[in-house]
Amino acid sequence: MRQNEKMQRYKLAVLVSHPIQYQTPLFRKIADHPKIDIMVYFCSDRYVKETIELDLGISFKWDVPLLKGYKYKLLPNLSPKCFSSFFGQINPSIVRELRRNQYDAVWVHGYASLTNWLAFCGAWVARTPLLIRGESHLMNYRPLWKRAIKRAGLFLLFKGISAFLPIGSLNKVYYQYYGVSDDKMFLSPYAVNNEFFSKKYHEIYHKREYLKKELDIHRELPVVLYASKMTPRKRAMDLLRAHEKIQKEIDVALVFVGDGVERLTLENYTKSHNLKNVYFVGFKNQTELPDYFVIADIFVLPSTDEPWGLIINEAMNFGLPIITTDKVGAAPDLVKNGENGFIYSVGDIEKLASLLLKLLQEPDLRENMGKRSLEIIDKWSYKEDIEGILAALEYTRKN
């Protein structure tokens, strides 16, 4: 019986650019599943060792295990400019790997590198079903001629994909736009390690007052949290200016976690405009972030052109109401307007200020929205990911 069960396991290959702190816990979960035998191929060892992050202007590596608990292989990358563009990943050995190992399916993350296309070709030659998962959406404006070329190319590519793993509503609409039928799509929600963050929440909540004191924040002062890169796309200045608008009406602390090219601009604006209770704590690694989530009362992500925004998932695991924009990919699925937060039009600083003021003046509303965040994120986890992946694998086996 055990031998038969072992024979029924799906032999799944996964191709991703590099070990990512959000994905590797999922790979461990899949590796523990009795129905899936997973092998992960990485195009680079980025962030496993000390890596310079140009957006942040710092060098770091993630402080959580990235290569434990599942089978993996680091593919030799022949690109002279790793991660520069489409040609930043050139790993021709993926073709040999797919032909030699005869997988039941190959899951490729995205199509934006040469190695992704080598994997497509390798799978087609080996007659191996292809699964695709990515972060694409239709929110970005492109000229008509670019849209026409892309539509023609992706329509042909997607004809050769056996099943799709949309990460959320906007990603599903994207695939539909390019001719993918609903029966070939299996939701694989963009999730984080809920178990890790939930455990941290319960472990350190009692330290909330102590952690606020460490930052010299008064224990009674509500905290608005921003945690992301400080780059133009993230629009951190919108939040700072909204804070400026409300500071005469209510006392509140604004904590910026992160680094980047705009940090100095934000700090200078804070000083020149004499803004009170604004804290810049710099980049914080994965195990350090929970300390900031636990002192927060509201989480804000004011980005434009945000494919998803997994930091929202993390914040929701700490029972926080969310304020974000209509240009953040996670918003339609995770932020239920008026239930666990608010969605506003990107760049509308007046609206952002009014939403902040509403939540700050109504602690009961904040508490109820935080509880709703916990309920929503509980159903947006690695468990649902594996269910979607298994459904896709079963579909490819039957078709």
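Reader: Which helix gives the most to the lining of the second largest pocket?
Author: That's helix 15, with seven residues. Keep in mind that this is a predicted model.

Reader: Got it. What volume does the second largest pocket have?
Author: About 340 Å³. There are 18 residues lining the second largest pocket, and the closest to its centre are Tyr 205, Asp 297, Gly 319, Arg 366 and Glu 367.

Reader: And which elements give two or more residues to that lining?
Author: Helix 11, covering 290–295, and helix 15, covering 363–378.

Reader: How does the lining of the second largest pocket split by class?
Author: You get 10 nonpolar residues, six charged and two polar.

Reader: Okay, switching to cavities. How many of 30 Å³ or more are there?
Author: Three cavities come out at 30 Å³ or more. The largest cavity has a volume of about 50 Å³.

Reader: Which residues line the largest cavity?
Author: Among them are Glu 135, Ser 136 and His 137, then Ile 167 and Gly 168, and also Pro 307, Trp 308 and Gly 329. By class, the lining of the largest cavity has six polar residues, four nonpolar and one charged.

Reader: What about the outside? Which residues make the nonpolar surface patch of about 230 Å²?
Author: Leu 138, Val 173 and Tyr 177 make that patch.

Reader: Where is Leu 138 found?
Author: In the loop between strand 7 (130–133) and helix 5 (144–159).

Reader: Why does Leu 138 count as partly exposed?
Author: Because its relative accessible area is 38%, and partly exposed is the band between under 20% for buried and over 50% for exposed.

Reader: Now Phe 60. Is Phe 60 buried or exposed?
Author: Phe 60 counts as buried, because its relative accessibility is 6% and the buried class is anything under 20%. Phe 60 has its place in strand 4, residues 58–60.

Reader: Last one: Val 125. Buried or exposed?
Author: Val 125 counts as exposed, at 55% relative accessibility. Val 125 lies in helix 4, residues 114–125.

Reader: And how far is the C-alpha of Val 125 from that of Arg 99?
Author: The two C-alpha atoms are separated by 7.6 Å, while Val 125 and Arg 99 are 26 residues apart along the chain.

Key. Residues numbered from 1 in each chain as written. Predicted model: local features only at pLDDT ≥ 70, side-chain atom pairs only at ≥ 80, totals over all residues. Heavy atoms only, no water. Patch = residues over 30% accessible without salt bridge, like charges linked within 9 Å, V, L, I, M, F, W, Y side chains within 5 Å. Areas by Shrake-Rupley, 256 points an atom, 1.4 Å probe, with all protein chains shown as cover. Salt bridge = Lys/Arg side-chain N within 4 Å of Asp/Glu carboxyl O. Helix = DSSP H or I, 4+ residues; strand = E, 2+ residues; numbered from the N terminus. Buried < 20%, exposed > 50% of the residue type's maximum accessible area, 1.4 Å probe, protein only. 1 Å grid on protein atoms, 1.4 Å probe; cavity = no way out; pocket = protein on both sides within 12 Å on 5 of 7 lines; lining within 4 Å. Points joined across faces, edges and corners; volume = space filled by probe spheres on them. Nonpolar A, V, L, I, M, F, W, Y, C, P; charged D, E, K, R; others polar.
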